[in-house]
Amino acid sequence: MVPLFQSQENIIGEVLVEPTQGKKFEHNGVKIELLGQIELYFDRGNFYDFTSLVRELDVPGELYERKTYQFEFSTVEMPHESYNGINVRLRYILKVTIGRNYISNIVECQDFVVRNYTPSPSINNSIKMEVGIEDCLHIEFEYGKSKYHLKDVIIGKIYFLLVRIKIKNMELEIRRRESTGSGPNTYVETETLAKFELMDGAPVRGESIPIRLFLSPYELTPTYRNINNKFSVKYYLNLVFVDEEDRRYFKQQEITVYRLLES
Amino acid sequence: MISDGVEDEEKWLTAGIAGLQQNAFYMHRALDSNNLRDALKYSAQMLSELRTSRLSPHKYYELYMRSFDELRKLEMFFKEEARRGCSIIDLYELVQHAGNILPRLYLLCTVGSVYIKSKEAPAKDVLKDLVEMCRGIQHPVRGLFLRSYLSQVSRDKLPDIGSEYEGDADTVIDAVEFVLQNFTEMNKLWVRMQHQGPAREKEKREKERSELRDLVGKNLHVLSQIEGVDLDMYKDTVLPRVLEQVVNCKDELAQHYLMDCIIQVFPDEYHLQTLDVLLSACPQLQPSVDIKTVLSQLMERLSNYAASSAEVLPEFLQVEAFSKLSNAIGKVIEAHVDMPTIGVVTLYSSLLTFTLHVHPDRLDYADQVLGACVKKLSGKGKIEDSKATKQIVALLSAPLEKYNDIVTALKLSNYPRVMEYLDTETNKVMATVIIQSIMKNKTCIETEDKVEALFELVKGLIKDLEGNLQDEIDEDDFKEEQNSFARLIQMLYNEDPEEMFKIICTVRKHILTGGPKRLPFTIPSLIFSCLKLVRQLQGQDENPFGNETSTTPKKIFQLLNQTIEALSSVPAPELSLRLYLQCAEAANDCDLEPVAYEFFTQAYILYEEEISDSKAQVTAIHLIIGTLQRMHVFGVENRDTLTHKATGYSAKLLKKSDQCRAVYACSNLFWVDDQENMKDGERVLLCLKRALRIANAAQQMANAARGNTGSVTLFVEILNKYLYFFEKGNPQITVSTIQGLIELITTEMHSDTATPDPAADAFFASTLRYIQFQKQKGGAVGEKYEPIKV
């Protein structure tokens, strides 16, 4: 269990330092940092801090007994959500450092999670497109919206204009594409999160097949675009046709996923 | 290969059932422990067995039924869940998380059914959603079964009139829309089935399709069960929509089956009120559709409906059912240029049955039908297809059965024209059927023109039709049919002599064309018909207004004479002779001496010229004697001539015994009881003596040829003749002649050369007993016999 915050929140808390019983404890000062870090796994060990806030809790001195420090970060700007991907991790931590002379500092970290909510987008066009393989298959598909919140339902339909191949079935996949790095060092990972059968059997011209896919059972995150030039997470709807020889025909469309601000 | 296929299928089915049962087991466990998530998981896995493509519809059905049973349990569970407070809407969403579409939709239908029951949403919305979502299954067999499941679970939840699901938002039209949509989709899937898979398995697929047809037809049945589908809704919505689908699917099997379904499931009065619509669909069907059966079914139903109650008949008139059906049939035949004859005839046969039931009084309708049929048959020549022939016989028999009266059928001018198309054999069969109908109903044909019409129908029996080869005819059959035709002549009767005479002339005209083989059957019947008329006229006084044209016995006798003459072409002298004698007797009763004499003359000529067989001669001579004996019209001269001839013929018979018997029979010609001027005892005695001489001669001949005198039978017979005339008071027959004859017989019997003949002995003994008996009687008779000693 980790605490959950969203951007612009005040992060208030206390730090408790307790020296070993009856011993004097000397330090070079106590501070707490709020860090937003992006960790790229292929570049292990290198964190990139996109947010770094510090509060000095104590000046150098000595401690004889337990001491509590109150701290507060007000209206913290935390533009990015916590994310735990395949090649990248975005995390927020509170890091307490007790500086010492000659020996290493005492460092203690606490993770917390940030989730940012967005209101319903004012513009949310449908995705509508006619695609085809010449003289084989012509379809028109329509997804009701281009932007979906995490508990949304994808409603749509596929209309068959021409069917010359022997279709066995049709699926709708939800794919997540995580790309990290930049330039020649770009790493892309694609995961299929959902395989949802839409149609069984071969349709004929003029058939219209309904789509209704509930997103709630799948573990989606919102779409992340170019987070600090380090990574992106994008979602795609992939419409797949499988013919009787198990050949696959597909058409991929990006959708935007967001975390809906409950009103 | 094939058996392997079947075995494999068996294996797959077994595997499918095993998988199903296993998952059902886990599902039950989940249900028992109220574990919704597991219940959904295992039920979806269980239903995944239905995703197979390896089973034939037949085997798939088995799997489906098992799943169906399991789904009932799941439905119960859903109901429980809903009662326990689980939101049915959530449940409705939850089942849609299943990744595979087929299990997902089965579950959705199951929850949907509970959803409607909960009334948390209008039934129509849920139904609409379900029927829409089912589009996801485009595989024909799986789709048909899924939609069949939907239809099954929703049947009792339609927002029908009076149903608990009817409400402000839900009306019967929603129920109808739902069923219609499901029907349309199912039919599309069903039709599509034939295009899937390799061409070489087409036949097998057609068979499989046939097995599945009831799944589609069930929807029409559901529609017919919806209370709220009244005539208006049927007319405005249901029928046009169903027909649209039927016509547009362009599939032979489906069109035939569905048309049949429509006709069978919806009420008769709906059909009657929507005839236009229903019939207009017929010409639009595929040419290969067996439209005749469809229309026949329809007409049969309507006929039965009409027959069910007289109250419904006005409805038929109001909608002009006949003309609509008639037009439709015409159009269908036009549209199907190469429709086989059987089809055409079947259609008209059904239409005829229909009009006979619905408009029994409109004979013109029946005639129209026959006329239309003739028109369609024209140019096709004789019908050779035996099935088509059967249908024509059915067509022609229908009016006979309906009216039980050929006279009505005779008014149908097109009736004989239809018969033209029958081959000769069948034509005869039909003619026999007609005659049998007349016989059974004892119908009397009363006018000349009806006779003409009737003969037109049965002309196959009257004369040889073209192309008929004699050698093909079975002798017994021929006799049979001619006998029945002869009987028919007796049914042609009118009390009015004038009309009757006309009938006779007509009959004569026709039968004389029949040729030598038929005349011996037909002429006697006609002769007796004439004689009947003669007897009728004879009883009446001379017609006071009699004129040239009126019918007199004389005229009839002329006709008779000519008619019998026709037999000479056969020839059939024995038959002619009998007929002449019959006529002579009738002439006698009419006091027409010359006529009677003429008939006798003809008979004698025949005897002399044509009858040469000795047995036939014997028979003929006895007939002549018998008839002549009864004639009282002749004057002395004529009578003498005729009797003289008869005796002459008798004495010239070949066998002595025949001669003897004929001669003693001739004795009767001279002694007629009730005619004083016809009692010539002397000539009687002469005949008897002559008979005795012949009997003697016979014995001598026998003695000479075989060494024994043979039997005394002839003597005993002559003795009996003596006794007869003795009793009648012939003065020439005296006690002594009788006495002498008795002694003669006794002597003969005891002579050495006599052959013992127990029959003759017994005959003689009983003759003597008779004499004894008469003696003892006393009175005048006893006195007469007294002197005879035995």
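Ser349(B) counts as buried because its relative accessibility is 9%, which falls under the 20% cut-off. Keep in mind that this is a predicted model. Ser349(B) belongs to helix α17 of chain B, which covers residues 341-358. Leaving aside residues up to four places away in sequence, Ser349(B) touches Gln391(B), Ala394(B) and Leu395(B).

**Another helix in chain B**

Now over to α32 of chain B, residues 636-651. This helix has 16 residues, and the distance from its first C-alpha to its last is 22 Å, close to the 22 Å expected at 1.5 Å a residue. Which residues of α32(B) are buried? They are Arg639(B), Leu642(B), Thr643(B), Ala646(B), Thr647(B), Tyr649(B), Ser650(B) and Ala651(B).

**Rings and charges**

Phe322(B) and Tyr365(B) are buried.

Ring pairs also build a cluster in chain B, linking Tyr60(B), Tyr61(B), Tyr64(B), Phe68(B), Tyr106(B), Phe145(B) and Tyr149(B). One ring of that cluster, Phe68(B), has the charged end of Arg72(B) sitting over it. Elsewhere, Lys784(B) lies over the face of Phe726(B). Here are the charge-over-ring cases with their distances:

| Charged residue | Ring | Distance to ring centre |
|---|---|---|
| Arg72(B) | Phe68(B) | 4.7 Å |
| Lys784(B) | Phe726(B) | 5.0 Å |

**Strands in chain A**

Chain A brings us to strands. Is β15 of chain A, residues 167-180, mostly covered or mostly open? Mostly covered: eleven of the 14 residues in β15(A) are buried. β15(A) pairs with β19 of chain A (residues 231-243) in the antiparallel sense, over 13 bridges. Within that pairing, Glu171(A) has Val240(A) in β19(A) as its bridge partner.

β15(A) also pairs with β16 of chain A (residues 187-200), again antiparallel, this time over twelve bridges. Here Thr180(A) stands opposite Tyr187(A) in β16(A). β15(A) and β16(A) form a hairpin with six residues between the strands, where Gly181(A) takes a positive phi near 80°.

There's an open sheet in chain A too. It has four strands in the order β11-β12-β14-β17, with antiparallel pairing. Which strands sit at the edges? Those are β11 (127-133) and β17 (208-214) of chain A, each of which pairs on one side only. Neighbouring strands of this sheet are turned by 20° against each other on average, ignoring direction.

Inside that order, β12 (residues 137-143) and β14 (residues 153-163) of chain A run antiparallel and are joined by seven bridges. In that stretch, Phe141(A) stands opposite Ile158(A) in β14(A).

Definitions and conventions
Residues are numbered from 1 along each chain as its sequence is written. Chains are lettered from A and ligands numbered from 1 in the order in which they are written. This is a predicted model: local features need pLDDT of at least 70, side-chain atom pairs count only at pLDDT 80 or more; totals for chains, interfaces and linings use all residues. Side-chain values use heavy atoms; hydrogens and water are left out. Buried means under 20% relative accessible area, exposed over 50%, partly exposed in between (1.4 Å probe, protein chains only). Helices (H or I, at least four residues) and strands (E, at least two) are DSSP runs, numbered from the N terminus. Two strands pair if DSSP finds at least two bridges between them. Rings of Phe, Tyr and Trp (its six-membered ring) pair if their centres lie within 6.5 Å; planes under 30 degrees apart count as stacked, over 60 as edge-to-face and the rest as tilted. A charge sits over a ring if NZ of Lys or CZ of Arg is within 6 Å of the ring centre and within 35 degrees of the ring normal. The expected span of a helix is 1.5 Å times one less than its number of residues. Contact means heavy atoms within 4.5 Å. Axes are lines fitted to C-alpha atoms, for helices over the stretch in contact, and angles run from 0 to 180 degrees between N-to-C directions.
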